[in-house]
Amino acid sequence: MATTSSMFMYSLTLQPPSAVTQAILGNFAGTKEQQILTASGSRLTLHRPDAVQGKIMPILSHDAFSTIRSLSAFRLAGSNKDYIIIGSDSGRISIIEYIPAKNRFSRIHLETFGKSGVRRVVPGQYLATDPKGRACMIASVEKNKLVYVLNRNAQAELTISSPLEAHKPQTLVFAMVGLDVGYENPVFAALEVDYGDAEQDPTGIAYEEIEKTLVYYELDLGLNHVVRKWTDTVDRTANMLFQVPGGTDGPSGVLVCGEENITYRHPNQEAFRVIIPRRRGATEDPQRKRYITAGVMHKMRGAFFFLLQTEDGDLFKLTIDLAEDANGQPTAEVQRIRIKYFDTVPPATNLCILKSGFLYVAAETGNHHFYQFEKLGDDGGEEFDSDQYPADPKAPYEPAFFHPHPPDNITLTESIETMNPLLDCKAANLTDDDAPQIYTICGTGARSAFKTLKHGLEVSELVESKLPDVPTMVWTTKLRRDDEFDAYIVISMATYTLVLSIGETVEQVSNTGFLTTVPTLAIQQLGEDSLIQVHPKGIRHISANGTQSDWPAPQHRSIVAASTNQQQVAVALSSGEIVYFEADVDGNLNEYEDKKQMTGTVTCLSLGEVPVGRQRSSFLAVGCDDSTVRVLSVDPGSCLENRSVQALTSAPSSLSIMSMADTSSGGSTLYLHIGLYSGVYIRTVLDETTGDLSDTRTRFLGPKPVKLSRVTILEQTAVLALSSRAWLGYADEQTKTFVLTPLEYVPLEWGWSFNSEQCTSGIVGIQQDHLRLFQIPRLSDSLLQESIPLARTPRKFARHPEHPLFYVIGSDNNTLSPATCERLLKDPSVVNGDAATLPPDEFGYPRAQRHWASCIQIVDPVTSKSVLETIDLDENEAAISMAMVPFLSQDDEIFLLIGTGKDMIMSPRQFTCGYIHVYRFQDNGKSLEFIHKTKVDQPPTALLGFQGRVLAGIGPNLLIFDLGMRQLLRKAQALNAVPNLLTGLDTQGSRIICSDVQESVTYVVYKQQENRLIPFVDDSISRWTSATAMVDYETTAGGDKFGNIWLVRCPQKASDEADEEGSGAHLLHERAYLQGTPHRLDLMVHFYCQDIPTSIQKTSLVAGGRDLLLWSGLQGTLGIFIPFVSREDVDFFQELETKMRAEDAPLTGRDHLIYRGYYVPVKGMIDGDLCERFVRLDRTVKERMAGDMGRTVRELERKISVCSFCAC
């Protein structure tokens, strides 16, 4: 298959996956503070918990470009830092460390042991480390286990030995853990099944008698080999192992968790078994048994306990009672194990308990949670112990029950927003903003949500106050240079100035020395302890003792613009002259003798801040109405001399010179920020020596003139740009690249930095006649999420074509419907305690086999931001498809059609029948009126409006229905339009794209004259299609369940033949090719994106931007594909991508090109995520790469940022 293409696209991830598959805890920075490391798809993220605020902050995210299968942390004896071992699909074991000074991961060791890919017999699925950091074991699902000895050499560097084998053929591994045995030989425990006899027995008897065993593997450090030390049979349902503290901390051993039981096992002690309690309640199935799905062990001084979680989310606290010696000291002999209900949290993939008293819950679905412990659950509640139950798992026993209750022992301090699983996604501009919003449905069960995503930063408003008049500008100022906080807020009105003092309260003052009878142009703290006020008639200088001196503007002239810093003042007169002042050591303001005459009227000035260790800023930027910006020198030897000129497309409205972090130089760079009257923002590099301007970048912010202010946000300098909305320009916390992001806030006319004891790093702004004070709490999230809770797991959603409303269908399998729950609760035999209804968003819905709960919900994400109506489906129907259909027979009135299945079983696929429900919109779409429903043979898996009628995919068949009085009327059909099951439909004109669950897509044409649906082209490769979208009339983009995204195109000849008039008979009788249609699709683009695509849409994400493909992934990923328009760009990025593969190899040792071509070689796609890592490289590496490509580092970064601009 050819890997070259005439079509090329640039892949970029907007939102990385948020589903956490692994989470570990450790002191990775080498400090006493613990960090949490999570793995989401191919991405490693390091989080820093904040014990004071009860929040968790991401500090580093790294794309490993490989599937991360397992993670483990270990610490060498005597070290204060934890290292990280990664098991991946690279066929290698990699050890990395976190380097806090550079905020990056560094690979220490990379050892190859097998083939790449996720395979049964290649280790990487299970990873366990010795608690003392002496060894690790990495195992595959079947057969192979390898042990590596970890040590340090004479230079105190970490070393890793050659692997020691512990293979056993025909053996499956279910769980593995490293045992705590103190400083004895390291021991690893595994749950195994030997299927050798079952494989040879055709009768199946050996399979029924198969046993699951707990096996101890001991690493003999003296002989340097691994032996199977101990084996014992355990419960066949066992699925998890937990390490029990040993040495001086506990009895050692392991907890074996199975179906409704937990057993303590140790080679030298008898087994102790306790039962997992079941929920008690009227809607609970008393026979349903639970499994432990997650857990954590926590050691305290002199004690330890386990928190174990069932699939319902219930946490149970398990403790071990130890026998005591004659002195009352605990021994290593276990007497019993105890279990009691603790609290309920969302079902998790991993739990982490921090030493600071917090619990991190990496939820399976929905938001991750961060809890603080209030108590350890030792008071009250029924407790069950092993004395009540036999150790034999086959012995009969009485089940234990408990009543769940709202969280009592832990308190939620932060809910971390995620979009896992993301089921569907649509981009639309419903609020008439300058960019569309992204609407998604995500989550499962009662934790589902309808989420609106906007590009912007979260704003926390602190104060909003109405002013007597409409102000024009606002400033804050300190009284002395070394003051920590601001003392005054100065507000300029049209004809006067208002001064407010900042303290415990903000109040107006009049004895400040400021001239309040005139409007103000600038306020500045000057020198050590002086203040200056620039107004149209002159400059007022206020010394520390309160004395005032005024510099009047020349006669018949006024000041039209001003710029100040702590040492300098520059003003522009209405005559076009520039007057320059400097402060001397005594704080007096001295005027420079000469004035600079400009060619036009000056519209704005900027001096910039005085650099540290310097007496003055070297440059003055002057903007004139002749659409130019001039840079003047203000050094004593060349004061007010021209240094450079920048021609603009419009007159400048605002200027700001400031030093900001820069990835190209590796430090900070002086920038000139320019705002134009046309609404364009320009950032250009200002050479600190010559004053030359270079590397100009532009961005359209809105139709209003741009006003710029220097602000401080989270201890970094940023630029506030105000147009039709507020924008913030800042250096990204991880990459240090410049980012310009809108604020999710009201439009502001002016803004300034604000710093007080109650509000640090704030911003004060004016909006019409209101004064607003706000903060920006974090810069790490530039996609804001607004959530609306949904009742059921959302499956599909559709937008009303005329009103800003969405219609969501949701269904939950093995869940009791509301009607069934209500009937059970009204049962007279139910006692009071069992009749309590628990909030489903915390405890989930009641479960029951082969029951479906399904509903239709109307969501208003713009006005009320809530669910307007919920319609529950009865008779065990589940909604699976929907469509908005304008029927030609009803004068193009739009109806909502819902496809349902009755009594469905997912695997193997079974059902009673299917239905298509028809609803009419009422009250401008805010309510639905049921019309009728039509029974069909199979559940309709796809619906779509088509030429005034509706297309329905029912099994492998494609049918056309029209609306009748009592039911839908079948008008045409194509039997076996796809080979297996039709799952999706798209259409343009008379062409229909049919997605098959297993066999890619088939193009079907509708011939109206013959009233026939005729398939005419399909794919040559089996693709398990999960989402499709038509890019143009011939081209379709699709994704499959293995994580691939591809574009296929219909051959031009086949496309023309299908559209010919009267070609129906010819198409019907054309010879089929290899049991398919007569023609085959051409593959244009193929790319492995690691997440399962759930939706693909052709859209534009910025005002005036080009069309691109927006796709969403099941794990919460959002990505875009941007088409290239020139071959030159393709060649550039191909060369950059090739060099990045060599210079920035993935942490896990995975080959990037093979990873992106996981199933099919990558074709027609540039990996933008890899190219964007260029800015994170060391400066020397970037300069070498740029030199090899014949460009500068800034040119490379500029090209990369242009592609990123399409996404924001």
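UniProt lists residues 19-386 as "domain: RSE1/DDB1/CPSF1 first beta-propeller" in an unreviewed entry; UniProt positions follow the numbering used here, feature names are shortened, and annotations may be inferred rather than shown by experiment. The structure is a predicted model, in which local features need pLDDT of at least 70 and side-chain atom pairs count only at pLDDT 80 or more, while totals for chains, interfaces and linings use all residues. Residues are numbered from 1 along each chain as its sequence is written, and side-chain values use heavy atoms, with hydrogens and water left out.

The span 19-386 is 2% helix and 55% strand, and its end C-alpha atoms lie 36 Å apart. Helices (H or I, at least four residues) and strands (E, at least two) are DSSP runs, numbered from the N terminus. Within the listed range, phenylalanine 65 is worth a look: its phi is positive, about 50°, although it is not a glycine. Phenylalanine 65 sits in the loop between β5 (55-63) and β6 (68-74). With a relative accessible area of 2%, phenylalanine 65 is buried; here buried means under 20% relative accessible area, exposed over 50%, and partly exposed in between (1.4 Å probe, protein chains only).

A second residue other than glycine with a positive phi is aspartate 891, at a value near 55°. Aspartate 891 also belongs to a loop, the one between β71 (877-887) and β72. Its relative accessible area is 74%, so aspartate 891 is exposed.

Cis peptide bonds come next. One joins asparagine 420 and proline 421, with omega about -10°, and proline 421 is placed in the loop between β33 (410-416) and β34 (422-428). Another joins serine 907 and proline 908, where omega is about -10°. Proline 908 is in the loop between β72 (893-902) and β73 (913-922).

The chain is divided into domain 1 (460-781), domain 2 (979-1088) and domain 3 (1124-1206), with bounds that come from an automatic or database domain assignment. The C-alpha centres of domain 1 and domain 3 are 38 Å apart. Their contact (heavy atoms within 4.5 Å) takes 14 residues from domain 1 and 10 residues from domain 3. Between them, domain 1 and domain 3 bury about 1,100 Å², 42% of it on carbon and sulfur atoms; buried area is the accessible area (1.4 Å probe) that two parts lose on being put together, summed over both. The count of salt bridges between these two domains is 3, a salt bridge being a side-chain nitrogen of Lys or Arg within 4 Å of a carboxyl oxygen of Asp or Glu. Arginine 1194 and aspartate 695 form a salt bridge in which the closest N and O atoms are 3.7 Å apart.

The C-alpha atoms of valine 1175 and serine 664 are separated by 7.6 Å, although the two residues are 511 residues apart along the chain. Not counting residues up to four places away in sequence, valine 1175 touches Thr663, Thr735, Thr737, Lys1182 and Glu1197.

Threonine 472 is found in the loop between β37 (460-466) and β38 (473-477) and, at 36% relative accessibility, counts as partly exposed. Apart from neighbours within four places in sequence, threonine 472 is in contact with Ser492, Met493, Trp750 and Ile766.

An α-helix has 3.6 residues a turn, so residues three or four places apart point the same way. In helix α10 (residues 1179-1188), Val1181, Lys1182, Met1185 and Ala1186 are buried. Seen down the axis of α10, these buried residues fall within an arc of 130°, so they line one face of the helix; the arc is that of the directions from the helix axis to the C-beta atoms. On the other side of α10, Thr1180, Gly1187 and Asp1188 are exposed. Glycine 1190 follows α10 and has a positive phi, near 75°. In helix α5 (residues 1052-1059), the buried residues are Ala1054, Ser1055, Glu1057 and Ala1058. They cover an arc of only 165° around the axis, which puts them on the same side of α5.
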